[in-house]
Amino acid sequence: ELRGVSPFAMLQKIARRADLLAAILSLAAVLAAFLVARQVFEGLAHLEDEQAFTWQAQALVRGKVWLPSPELPKSFLWPFVIDHNGKRFGKYPLGWPLLLALGEALDLRIWVNPLLGGLGIWLTYLLGKRTFGPLTGLRAAGLTLSSPFFLMLAGALLSHPLGLALSAGFVLCWLEAFIELPGQASFTPQRRRRAAILAGLALGALALTRPWTAVGVALPCAFHGIFLLLRGESSTRQRLLLLAGLALCLALLHFAWQWAVTGDPRLNPYTLWWPYDQVGFGPGHGPKPEGHTLAKAYQHLRYDLRRGFQDLFGWGRLSWIFLPLGLLAIFSKQKRPAWLARLLLAGPFVSLLLVYLAYWVGNDIFGPRYYYEGLYGLTILSAAGIAWLEERLRWGIGALGRRFAGAAQAEKRFHSVAAHGGRFLLALALLGLVGYNLVSYLPQRLEGLKGLYGISREKLAPFLAEPAQALTPALVIVHPQRKWIEYGALLALESPFLDTPFIFAYSRGAETDAQLATLYPERRV
C-alpha cells in the first residue's frame with residue numbers, strides 16, 4: 001500500500017493508524033515489564049515497602065484489613081507491618097494492596113504492575129495525542145517504553161505504576177472536562193460530565209494509594225479549578241464541584257482506614273513505625289535531631305535529578321536534551337487553550353518536585369521514584385521537543401538552499417532535502433541514543449538489580465526441596481549473621497496468618513526462642 005509513497009505522505013498514513021500503533025506499544029510494554037518482573041526481580045518482594053505491600057495484599061485476599069498480633073510479635077518481624085493495641089497491620093494506605101490482592105487471588109501477582117505499565121503507555125499516548133498530535137503521542141509512548149526508569153518500576157511490586165495510570169487518567173479527563181482545544185472536535189455536555197466523574201474517581205483513588213503524591217498531581221489543576229470557579233460558566237462550576245466532591249469522598253476513606261487500624265482517624269500509621277516519618281520541616285521530621293531542613297531538601301533534589309539524568313532514557317546527561325525544546329513547543333503557534341492544556345500536562349512533575357521537598361526521605365535504588373507519577377510530562381515534552389527541532393531543521397535547510405541556490409533552484413533541488421534530510425538525520429541520532437540505552441545502559445542497570453539485598457529464588461530453593469518439605473510443618477528460627485534481610489529473604493514462603501508449611505522467626509535470644517517453640521507444639525523447630 002505504501003509502495004512509491006513519499007516519506008512525508010507515509011507519515012501521514014501512519015498518523016491515521018496511530019491508535020493501533022499505540023496499542024502495539026502498550027502491549028510491548030506489558031511484555032517488557034513482565035520480563036523485568038520475572039527475569040530481574042523473579043516475582044519477589046525486595047524492598048521493605050514491597051514486603052509490606054505483599055503482606056497487606058495476602059491479608060486482604062482473606063478479607064482482613066488487620067490481624068491479631070501474634071504472641072511474641074517481635075519474633076515475627078515484617079518490615080513496615082505494625083503491632084499496635086493488639087492489632088497487626090501494614091502502614092501503607094489500601095489503594096495499592098487492594099489491587100495487588102486481586103493479583104494474589106488470581107495467582108497473577110507478577111502481571112499486575114506490567115499491565116498497569118501498559119495502561120500508563122496508552123494514557124501517555126492519549127495525552128500526547130490530545131495536546132500535541134498523534135505523532136508526538138506515539139513518540140512519547142515509544143520513549144516511555146524504552147525508559148529504564150519506567151521499566152524498573154513497572155517490573156517491581158511498588159505502587160508507582162498504579163499511581164502513574166491514575167495520575168495520567170486524571171489529567172486526561174480534566175482536559176476533556178474543562179478545556180476545548182482548537183482544531184479538535186467539541187465534546188457534548190454529557191461527555192464532559194462523564195470526564196469530570198472519571199477525573200474525580202481517579203484523583204480519589206490516587207489519594208487512597210499515595211496521598212502526598214495526589215496532592216502534588218492535583219495542585220496544577222487546583223489553580224486552574226479556582227480560576228474556573230471564579231470565571232467559568234455555571235455548567236463548568238457544576239462539573240468542577242462534582243469532580244471535587246467525588247475525589248473528597250474517596251479520599252476520606254483513608255481516614256476511615258486509619259480509624260479501623262489505629263482507633264484514631266488522625267493517627268498516621270507511618271509514625272507508629274518511625275515517629276519522625278512525616279512530611280514537614282524542623283525537629284521531628286526525619287531521624288536527625290535538627291529534623292528536615294531546606295538544605296537537606298535541596299541536596300535530595302539535586303541527587304534525584306542527577307540520577308534522573310541517567311535513568312530517564314538511559315542516555316546519560318543527554319536524557320534531558322529535548323526537554324527545553326519541548327518547553328518552547330508549549331507556546332509554539334498555539335492559542336491559549338492549547339498552551340494551557342500543555343502546561344497542565346507538564347505541571348504534575350514540577351509540582352511533585354516541589355511537594356516532595358518537604359519529605360525527609362531520598363530516592364536511590366529505583367531512581368527518583370517519588371516523581372514517577374509525572375513521567376508522562378517528561379516523555380511527552382521530550383517528544384514535542386523532537387518535533388519542534390525537526391520542524392526547525394526542515395526550515396533551516398530550506399532557507400540555506402534558497403540563499404545559496406536561488407529561490408527557483410531551491411524549490412527544485414532543496415525541497416526534498418528540507419523535507420526529509422533533517423528528519424533523517426534527527427531520526428539517525430535518536431536511533432543511536434535509543435540503541436545505546438537498549439544495548440548498554442539498560443542491561444547494566446537491570447543486571448545491577450538482580451538479587452537485590454540478597455533476595456532471590458535461590459535462597460528459597462532449599463526449603464522447597466523434598467527433604468525440607470518432609471520436615472513440615474516447621475518453625476524456623478533464623479539467626480542472621482550480618483543483616484536482618486537474611487531473615488527477610490525467607491518471608492516469601494510465609495503468609496500473614498502463619499499457617500504455611502514453614503513459618504520463620506527472628507531470633508531474639510535463647511530464652512525467647514525457647515518460649516516461642518512452646519507456642520507451636522505442632523511444628524518441628
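Modeller: What follows is a close look at one helix, with its surroundings.

This is a predicted model, so local features need pLDDT of at least 70 and side-chain atom pairs count only at pLDDT 80 or more, while totals for chains, interfaces and linings use all residues. Residues are numbered from 1 along each chain as its sequence is written, and side-chain values use heavy atoms, with hydrogens and water left out.

The part is helix 10, residues 211-231. Helices here are DSSP runs (H or I, at least four residues), as strands are (E, at least two), numbered from the N terminus.

F223 is found in helix 10. F223 counts as exposed because its relative accessibility is 59%. Exposed means over 50% relative accessible area, buried under 20%, and partly exposed in between (1.4 Å probe, protein chains only). F223 belongs to a nonpolar surface patch of about 620 Å², made with L219, I226, L229, L230 and L241. Helix 10 gives the most to that patch, with five residues. Patch members have over 30% relative accessible area and no salt bridge; nonpolar side chains (Val, Leu, Ile, Met, Phe, Trp, Tyr) are joined within 5 Å, like charges within 9 Å. A salt bridge is a side-chain nitrogen of Lys or Arg within 4 Å of a carboxyl oxygen of Asp or Glu. Areas come from the Shrake-Rupley method with a 1.4 Å probe; for residues, only the protein chains shown count as cover.

Now the inner side. H224 also has its place in helix 10. H224 counts as buried because its relative accessibility is 9%. H224 touches W174, F178, I179, L340 and L344, leaving out residues up to four places away in sequence. Contact means heavy atoms within 4.5 Å.

W174 is among the residues that touch the most other members of the largest nonpolar core, along with L127, F150, F170 and F366. That core has 116 residues. Helix 8 (residues 160-178) gives the most to it, with 13 residues. A nonpolar core is a set of buried Ala, Val, Leu, Ile, Met, Phe, Trp, Tyr and Cys residues joined through side-chain atoms within 4.5 Å. L127 touches A168, V171, L172, L175, L345, Y376 and I380, again leaving out residues up to four places away. Another core lies apart, with 22 residues, among them I455, A468, I485 and Y487.
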